[in-house]
Amino acid sequence: MSTDAQDLEKLTGQEYKYGFVTDIESDTVPKGLSEDVIRMISAKKNEPEWMLEWRLKAYRMWLKMEEPHWAHVEYPAIDYQDISYYSAPKRKDGPKNLDEVDPELLATYEKLGIPLKEQELLAGVAVDAVFDSVSVATTFKGKLKDLGIIFCSFSEAVLEHPELVQRFLGSVVPQGDNFYAALNSAVFTDGSFVYVPKGVRCPMELSTYFRINSLGTGQFERTLIVAEEGAYVSYLEGCTAPMRDENQLHAAVVELIALDNAEIKYSTVQNWYPGDKEGKGGIYNFVTKRGKCAGVNSKISWTQVETGSSITWKYPSCILQGDNSVGEFYSVAVTNNRQQADTGTKMIHIGKNTRSTIVSKGISAGRSQNTYRGQVKIMKGADGARNYSQCDSMLMGDRCGAHTFPYIENRNSTAQLEHEATTSKIGEDQIFYCNQRGISTEDAVNMIVNGFCKEVFRELPMEFAVEAQKLLGISLEGSVG
Amino acid sequence: MTKEQSIHSYQEQFAAFEKTLNGESGSSFHALRREALLQFAETGFPTLRNEDWRYTNLNPLTGTAFAMAIQPAESAMLRSQAKAHALRIPDALTLLFVDGHFLPRLSDLGSLPEGLEVRDLPAVLREDALPVGSAATDATVMRNNPFTALNTAFTRQGVTLSVRRNALIEQPLHLLFFSTPAATPFVAHPRVVIDVEANAQCSFVEQYVGDPGAVYFNNVVTDVHVGENAVVQHIKIQDESTAAFHVAANYATVARSGHYANHYIGLGGALLRNAIHAVLAGEGAHCTMNGVYIPGGVQHMDHFTVTDHAVPNCTSHELYKGILTDETRGVFTGKIIVRQDAQKTDARQANNNLLLSENAQIDTRPQLEIYADDVKCTHGATVGRINDDQLFYLESRGIDRAQAGNILSYAFASDIVTRIPLASLREAIDDRLYRRLEESWKK
């Protein structure tokens, strides 16, 4: 075997470094899903009547829906009655500061490298950490409160800001939108809520670290971000998960609403447990993310770095309703071993002079399958709409797959659309060039891959960009095709 | 008529069709027909939920009752009638098909060049000799393509063309399909089997014409086998009546170092679906697919191409262009599949569209499905309208807007025509295209 091939094997064979289970007593609802379970979840969270009704309506819709199978992924059938739909850490009265937080939880975060304590000191990032399903620590609330920004857990928002939640919840992703969104609407346990009032520019990056714990629990997060007229907010979402054997279902819903002249930037680094080398275990990540540029001149920008999960089914989308609104999607998706990713975006142009940009970089290694699936739809009234899409795939190893499925649907003759895609591998000459100059194959590949993804990393907030590069390195640095 | 009723009417037609077969109903090919019908009834007509048919609503097709096409009487008048609609290709040999039936006596069979054999399909089937293993009769293919299954169930009419080893056929073969105006809508299921042996070269021009306004349904299957080192130019000119339905599936397999080129010119039909499934089955094989579609009025045109790189070292190039006017709808799906072992594949694909009217719609899906790493694959798609600066440039030089638009859209389309290697045909098509675009700009 050549050194290159050995390197390749060694590096792509790296184990998931963040696998461990924290032993904390959890308050878990028995497995299975029924109206009773939903009532129980709602009761546990002291939810008002309207919230329960909303959940039940979603559940009834879900019962009539079929699981979608159009994505380019394969997995054993999911038994929805074999999942526990609620799990909360034992301590329920929320801690007022970090000292009150269960030290074991803090230790877990430290292992993950989440600088919760540091962040409080370093400032700049307010963290609403979600451990399984209930928020246990929220920082910098006071500072944000002064500006009128609401940044809290979803359950808190339901209790304290019901009028806002009622106004915006489900306005972008209705309960019956798709199978997983309906499931989430029925059983979502917690998530984040952000409201930025008129004219306010949020001074720091808001961030939530999601973390799946508690064996055999599905994670159903709900995030709602509203930017009022002229507001600006940047939100970061990142996650890692402990190693386990059982497949875990994660069906989150994220809704973004940008009113006139508002801008929302949503960045994700996703690094859930991808399963072992044979694809055993690993998270099923079926997420519905959608933003609505409801007002004129509004802007929504999605940036994602997807390296984890055994199956990813995720299409962060933009509904460009307001005139002159802008949608952006920047994505790096990395798959290794037996991971499968079917990800992309939807840009729906409704308003006049709406613009969208799609830049997607897919990297597949091992025996993984990586699919870009994106839709650009120009409605009849979207005069002067403009879209530019670019999808590049990189293959490492001869047993993986890279697929590109764009859907371009145009109903307006004044629109201008472009789509281009390429597929390639790292050139042996490029590696040789680096080797010759004393750069190891591993470093060379890392460098080339990072260069390949640069357009997307550039869009990430600084602290995230560093983490993303590290993640990419862990996922497959050094793979030579 | 609902889809179920439509399927049922085909089943009834099959029972009647079976009775006309006499002794042939015991043949092994007829067993295949029966299987195909069962498969068709099981799969049914594709709906919008089927990814491959996402943008084409078949209700107008399934909602129309079609009678089986009947054998026309062979008369010299019929030939001149058909010729009146056809392109004039001076050096070509014509094979005439009327309502899906091959008419040997009205075709130029007397002067066939050496190495080329043309046989009437009913005669071939009487010998029970159609190559059953051919792509279109494959069980999986029929399961995924109900229209192909339907064609196989009713396969009787058509032709087999074989080009012998090392033969170099210089004269293009013009397969002219003419549909007569009939009182009731009818359906024809013609089948063309083309077998080109090693080192041979030939060109086929497949043309569909119909009486304007005539309502009929042509469900065509073409099966092409390109032998080692063989070169096949396959040109299809689809100029059906604007009230007609045309669903075609073209299966091609290309052996080692073979070259298959498919040139498509789409002008006619109310509802059109043109599918090409090309399999590059031998190393060094090459496939070219070029096409241009110019629907007018309320025409719906759906183009579906699959290039399957099954082995290493093959190349494929595809360029489809669309000019959409009035209230037309265009669909393009181009799929490039690179199988696991197909290393060193070079595949390129592009789809460019020009929208000339505010009510025209286009849906385009260029797709890459790649399972090998050492490959070069690209695809691209664009949608836009005519550049205002270019229009202004021409107008400022005294050319009126309609004329200027015509010149620019013609330039866009003629890019495809110039790639057709037959000079005589190029001229004929050029002329036809120019007139077509002129019509749409006059409006």
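I started at one pair of residues: Val383(B), in β21(B), is the bridge partner of Leu417(A). Before going on, I noted that this is a predicted model, where local features need pLDDT of at least 70, side-chain atom pairs count only at pLDDT 80 or more, and totals for chains, interfaces and linings use all residues. Residues are numbered from 1 along each chain as its sequence is written, while chains are lettered from A and ligands numbered from 1 in the order in which they are written.

Next I looked up the strands around that pair. β21(B) pairs with strand β24 (residues 416-425) of chain A, antiparallel, over seven bridges. Strands pair here if DSSP finds at least two bridges between them. Strands are DSSP runs (E, at least two residues), numbered from the N terminus.

Then I checked how the chains touch. I found 31 residues of chain B in contact with 32 residues of chain A; contact means C-beta atoms, placed from the backbone, within 7 Å. On chain B's side, β20 (361-370) and β21 (376-384) are the elements giving two or more residues. β20(B) gives the most, with ten residues. I sorted that side of chain B into 13 nonpolar, nine polar and nine charged residues.

Last stop: strand β12 (residues 263-271) of chain A. Is it mostly covered or mostly open? Mostly covered, I see: nine of its nine residues are buried (20 or more other C-beta atoms within 10 Å of a residue's own, all placed from the backbone). Ser267(A) and Val269(A) are among those pointing one way, Tyr266(A) and Thr268(A) among those pointing the other. β12(A) also pairs with strand β14 (residues 299-306) of chain A, parallel, over eight bridges. There, Ser267(A) stands opposite Thr303(A).

Note on methods: Contact = placed C-beta atoms within 7 Å. Helix = DSSP H or I, 4+ residues; strand = E, 2+ residues; numbered from the N terminus. Nonpolar A, V, L, I, M, F, W, Y, C, P; charged D, E, K, R; others polar. Buried ≥ 20, exposed ≤ 12 C-beta atoms within 10 Å, placed from the backbone.
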